[in-house]
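Try each task yourself, then read the solution.

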Amino acid sequence: MSLRDSLRRLSGESLIYGLGQVSGRAVNLLLVPVLTRVLLKQQFGVAELVTGYSASLLLVLVFGMDGALARFFYQQDDRAARLRMTSSSFLFRLLTGGTIAGLLALFAGPLATHLMGGEVYAKYLRLGALTLPCTLLVLWCNDVLRVTFQPWKFVTLNVSQTVLVGGLTVYLVLVQRLGVVGVLYGKLAGDACAALLGVVLCRHHIRPVFDTTVLRRMLAYGVPLVPVAFAYGVIGSVDRWALQRFASLDEVGTYALAIKFFAVVTMGVSAFQLAFMPFAFARAQDPEAPRLYARVLGLYVAIATAGALACGLLAPLGIQLLATHDYAAASRPALWLAFAAVAQGAYYVAALGINLSLRNSLLGVSAGFAALLAAVANLTLVPRFGAEGAAIATFAGYTASAVFTYGLAQRVHPLPYRGARLAVLFGAGVAIGAVAVRLAPAGIAGVGWRVAALAAFALLAWKSDVWKDRGAIRHRPAAS
């Protein structure tokens, strides 16, 4: 397969997985106009706190098994060996998810005091804990459908999850008037039904088999990723913890709306990531693979940065459509969070060299540093700048993770990336966005200003040639 054909296939798979991601995560956006108008701002903040903590914990509870499945699935000799791998990981996911959920529900009281400011919120944490095993099963099904290249089943599962969670939440909040509890019950019931559907879709990859040898191999690859997941969990939750601790639940509510713009960009980033990892591992032995990876990273940075810039510049309009005037202050944090999502996605391509060299423990070094930076930045910026300070701290954490991971990966498994050029392009997008948001006037003139800013970046990206071989691939000088 030629380089162009490979890129075309990756684009097609990213589009299909993007449909699944958009449908799967669209519930977060579709519910915003309802929840911001029915719930008090503080209630909206509480629901988002529980959701945010759950999402961060899910990163850890996967135990790196998603990456291990993608890394080793294609190396299995036959279908029986692949069935042992998928079945063993399925049973492991059931056991660990159920055990952790039970422990969290048991200790919900003390956890609520430390994480949410009072034991009165324990019931919300218990609902979040009970949802974890269901969500973990849905994630396992998504992993299997990806590595077996069944994108339309992937879309079906995620669309169904969206409809179930969204429909049940709206019913419980609007009709039954259950408030925050309705939001969390809707998530629990929707994910439980989606997990059952996922098991049906993946039934041909599940057998009553538990191979400890296979599981040990997968854990040997995945466990070093647990500190990485924990660090990313810190980056993804310390912002809201700092806001409820040093600001207020109202400020958490403002930030909760801003982070929906992170989710918008993440939809596209995740679509690319879900398609890229199996795609990259399946082609790892191809002599043209390094050039392919470099082209992919160049295209990703140009397209994702443009998307984040557009998302950040249009945030004020989006907030007017999604919420009431009380949430207007969410527009500035939204810009920083949109670019944070781009940096998060760049990490996965930058880390490819480490994954291929099986040196996953190195990822913990960069992730740990990034988490420490994000925590310190939140403690420093949130008391002074509130939600925007939390967004800048989150942006700093994800950007540091991508940069340090890139440096480590190039040491252990060099790939012909044009890292400096791509960093300049990304930095230019951030700078253009920050300046435009602060200087744009109100009204039609402001819209023109923002459009001009986006056009200026598009021209810069075009001139950088990162979408071509000469702009994306570093060519070594010929030996004399």
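**Exercise 1. Find out which residues make the nonpolar surface patch and which helix gives the most to it.**

Step 1: look for Val38, Tyr171, Leu174 and Val175, which make a nonpolar surface patch of about 330 Å². To join a patch, a residue needs over 30% relative accessible area and no salt bridge; nonpolar side chains (Val, Leu, Ile, Met, Phe, Trp, Tyr) are joined within 5 Å, and like charges within 9 Å. Areas come from the Shrake-Rupley method with a 1.4 Å probe, and for residues only the protein chains shown count as cover.

Step 2: helix α8 (residues 151–175) gives the most, with three residues. Helices here are DSSP runs (H or I, at least four residues), numbered from the N terminus.

Step 3: check one member. Leu174 sits in helix α8 and counts as partly exposed because its relative accessibility is 33%. The cut-offs are under 20% for buried and over 50% for exposed, with partly exposed in between (1.4 Å probe, protein chains only).

A word on the ground rules: this is a predicted model, so local features need pLDDT of at least 70 and side-chain atom pairs count only at pLDDT 80 or more, while totals for chains, interfaces and linings use all residues. Residues are numbered from 1 along each chain as its sequence is written, and side-chain values use heavy atoms, leaving out hydrogens and water.

**Exercise 2. Describe how helices α4 and α7 cross.**

Step 1: two packed helices are described by the angle between their axes and the distance between the axes.

Step 2: the axes of α4 (residues 65–72) and α7 (residues 122–147) come within 10 Å and cross at roughly 15°. Each axis is a line fitted to C-alpha atoms over the stretch in contact, and angles run from 0 to 180 degrees between N-to-C directions.

Step 3: α4 and α7 are therefore roughly parallel to each other, a label for angles under 35 degrees.

Step 4: the crossing is right-handed, that is, the near helix is turned clockwise from the far one by less than a right angle.

**Exercise 3. Work out what the salt bridge of Arg93 and Asp143 ties together.**

Step 1: the rule asks for a side-chain nitrogen of Lys or Arg within 4 Å of a carboxyl oxygen of Asp or Glu. By this rule the count comes to eight salt bridges.

Step 2: Arg93 and Asp143 pair up at 4.0 Å, N to O. Arg93 lies in helix α5 (residues 79–106) and Asp143 in helix α7, so the pair links parts 50 residues apart in sequence.

Step 3: Arg93 is buried at 3% relative accessibility, and Asp143 is buried too, at 8%.

**Exercise 4. Say where Phe63 and Phe149 are found.**

Step 1: most residues other than glycine have a negative phi.

Step 2: Phe63 has a positive phi of about 55° although it is not a glycine. Look for Phe63 in the loop between α3 (41–61) and α4; at 21% relative accessibility, Phe63 is partly exposed.

Step 3: Phe149 has a positive phi near 55°. Phe149 is in the loop between α7 and α8, and is partly exposed at 33%.

How values were computed. Helix = DSSP H or I, 4+ residues; strand = E, 2+ residues; numbered from the N terminus. Parallel < 35°, antiparallel > 145°, perpendicular 65-115°, else oblique.
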